[in-house]
Amino acid sequence: MPEQTTAIDYVMEAASGPHFSGLHIDNRFISSSRSPSSSLLADSIKQPFVIGVSGGSASGKTTVCDMIIQQLHDHRVVLVSQDSFYRGLSAEESERVHEYNFDHPDAFDTEQMLECIEKLKQGNSVQLPIYDFKNHRRCSESFRQVNASDVIILEGILVFHDQRVRDLMNMKIFVDTDADVRLARRIRRDTVERGRDVNSVLEQYAKFVKPAFDDFVLPSKKYADVIIPRGGDNHVAVDLIVQHIQTKLGQHDLCKIYPNIYVIQSTFQIRGMHTLIRDKDISKHDFVFYSDRLIRLVVEHGLGHLPFAEMQVVTPTGSVYSGVDFCKKLCGVSIVRSGESMENALRACCKGIKIGKILIHRDGDNGKQANISLLIYEKLPKDISERHVLLLDPVLATGNSANQAIELLIQKGVPESYIIFLNLISAPEGIHCVSKRFPSVKIVTSEIDVALNDEYRVIPGLGEFGDRYFGTDD
Ligand SMILES: Nc1ncnc2c1ncn2[C@@H]1O[C@H](COP(=O)(O)OP(=O)(O)O)[C@@H](O)[C@H]1O
Ligand SMILES: Nc1ccn([C@@H]2O[C@H](COP(=O)(O)O)[C@@H](O)[C@H]2O)c(=O)n1
């Protein structure tokens with residue numbers, strides 16, 4: 001029996017390691033003393049998501065990989081098998097093949113495998129050797145050409161053995177199948193597909209496969225982020241893994257760097273609303289209508305980050321419903337003037353909520369100057385230090401105003417982690433600026449744009465939100 005294989009063994013942790021796609025990042029906002037991810041960010045190379053799949057021979061590694069690939073149909077995925085890197089046997093070794101241990105780490109050319117995965121990770125194509133299990137040699141004439149992909153899956157009995165290989169992986173999966181099932185599958189496969197007879201399979205299993213499983217494969221299980229009991233029969237585990245990979249692939253790169261950034265799940269409705277409000281020719285009425293719809297979604301999402309208490313109620317059927325009670329100690333603070341456009345949505349969601357105001361003058365308001373922001377006016381609830389604060393401003397550009405507002409809230413006694421900054425559009429520069437200075441402040445947005453231009457305007461952006469919303473741009 002494999003070690004500890006219960007349903008609870010299915011453990012999923014956040015995939016570790018970097019995974020950033022090609023996005024222009026302004027180095028002005030990257031200081032050398034920040035988090036380790038900052039230096040990686042500076043590279044801003046599109047990096048594929050690398051998944052390692054390990055487990056005993058015939059545990060179902062390839063089967064699980066095929067299931068993942070099928071479900072990831074809308075992404076480019078490449079499967080690399082560690083088997084491709086088996087060293088070919090010399091003539092002498094071939095004569096005494098029954099004494100050769102194919103399950104020992106030395107049976108593989110790990111240096112070559114490392115080189116190939118590194119190249120693929122850097123977006124290059126590679127030529128993989130083709131291994132023939134019948135004559136224990138690599139095919140000398142042909143190779144398998146593998147191109148750059150969004151996802152690279154590396155599968156094999158010993159892919160977790162070498163730390164350098166493990167370090168290339170963003171996610172490590174161990175397929176955990178009972179030893180008797182593995183042996184039964186292996187007998188069938190090796191006799192049907194690999195030209196062996198039952199006796200040689202059993203002999204090899206007892207002499208090499210089982211000892212090497214105990215000595216090398218099983219000890220590497222501890223490196224797995226996810227353990228899948230029963231391999232390909234475990235559809236729930238595979239579905240969850242695919243969901244996780246899709247989330248990682250779909251997430252904006254900044255969300256992987258700053259865990260405090262939340263971009264609401266994009267749908268065609270949300271994309272459609274953004275398309276309308278970004279259109280310079282939309283009527284004022286429609287601009288307000290679709291902005292309000294989006295603001296409402298962001299506000300609802302932001303409220304979802306507040307703490308809650310468990311609560312039960314009795315329904316008209318006399319049954320008990322176990323639910324939650326809203327956090328009551330909260331308030332809104334709008335950054336005047338465009339932040340005021342978000343107040344109605346907040347009031348509509350939170351009956352009787354107190355909303356304070358902060359007026360910040362930006363020297364870059366005329367678009368030409370370096371951004372310097374000055375606090376001009378503030379009116380905040382007296383007991384604000386006891387409240388969670390929803391800070392409202394529809395566009396996060398340089399982050400200077402947001403930082404000024406957050407600094408004031410902290411001076412007033414609001415804990416940094418009690419502040420949730422809600423906006424419709426964030427520029428990467430603003431996200432860096434706020435998240436570096438106030439890593440515990442949550443930022444909830446509906447889209448992250450490309451960058452700021454030389455005039456500190458968000459690109460593609462939507463122009464001056466306040467003017468368009470309040471009709472002062474005519
Ligand atoms: N869940 C399963 N049920 C039945 N047969 C399976 C299952 N998973 C794998 N197999 C079979 O077992 C053999 C080994 O599976 P494979 O996925 O190639 O394992 P590995 O890649 O770990 O060596 C194959 O013949 C495959 O068809
Ligand atoms: N010439 C070879 C090379 C390898 N093997 C066995 O293959 C197993 C690994 O492949 P899986 O698809 O089962 O993971 C390994 O256990 C080796 O014993 C072989 O028999 N002959």
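**Ligand shells and the sheet**

Modeller: Helix H2 gives the largest share of the shell around ligand 1, namely 3 residues. Helices and strands here are DSSP runs, of at least four residues (H or I) and at least two (E) respectively, numbered from the N terminus. The model is predicted: local features need pLDDT of at least 70, side-chain atom pairs count only at pLDDT 80 or more, and totals for chains, interfaces and linings use all residues. Residues are numbered from 1 along each chain as its sequence is written, while chains are lettered from A and ligands numbered from 1 in the order in which they are written.

Colleague: Which residues come nearest to ligand 1?

Modeller: Gly 60, Lys 61, Thr 62, Thr 63 and Arg 185 do, out of 13 residues around ligand 1. A residue is near a molecule if its C-beta atom, placed from the backbone, lies within 6 Å of it.

Colleague: And what is the shell around ligand 1 like by class?

Modeller: It has 8 polar, 4 charged and 1 nonpolar residues. Ala, Val, Leu, Ile, Met, Phe, Trp, Tyr, Cys and Pro count as nonpolar, Asp, Glu, Lys and Arg as charged, and the others, Gly among them, as polar.

Colleague: What are the classes around ligand 2?

Modeller: The shell around ligand 2 has 6 nonpolar, 2 polar and 2 charged residues. Among the residues there are Asp 83, Phe 102 and His 136.

Colleague: Now the sheet. What is the order of the strands in the open sheet?

Modeller: The order is E8-E18-E16-E14-E11-E12-E13, with mixed pairing. Strands E8 (261-263) and E13 (373-379) are the edges, each pairing on one side only. Two strands pair if DSSP finds at least two bridges between them.

Colleague: How many bridges join E14 to E16?

Modeller: There are 4, and the two strands run parallel. Val 389 stands opposite Ile 419 in E16.

Colleague: Where is Tyr 418?

Modeller: Tyr 418 lies in the loop between helix H13 (400-411) and strand E16 (419-422). Leaving aside residues up to four places away in sequence, Tyr 418 touches His 388 and Val 389; contact means C-beta atoms, placed from the backbone, within 7 Å.

Colleague: Why does Tyr 418 count as buried?

Modeller: Because Tyr 418 has 22 C-beta neighbours inside 10 Å, and a residue is buried if 20 or more other C-beta atoms, placed from the backbone, lie within 10 Å of its own.

Terms used:
Buried ≥ 20, exposed ≤ 12 C-beta atoms within 10 Å, placed from the backbone. Contact = placed C-beta atoms within 7 Å.
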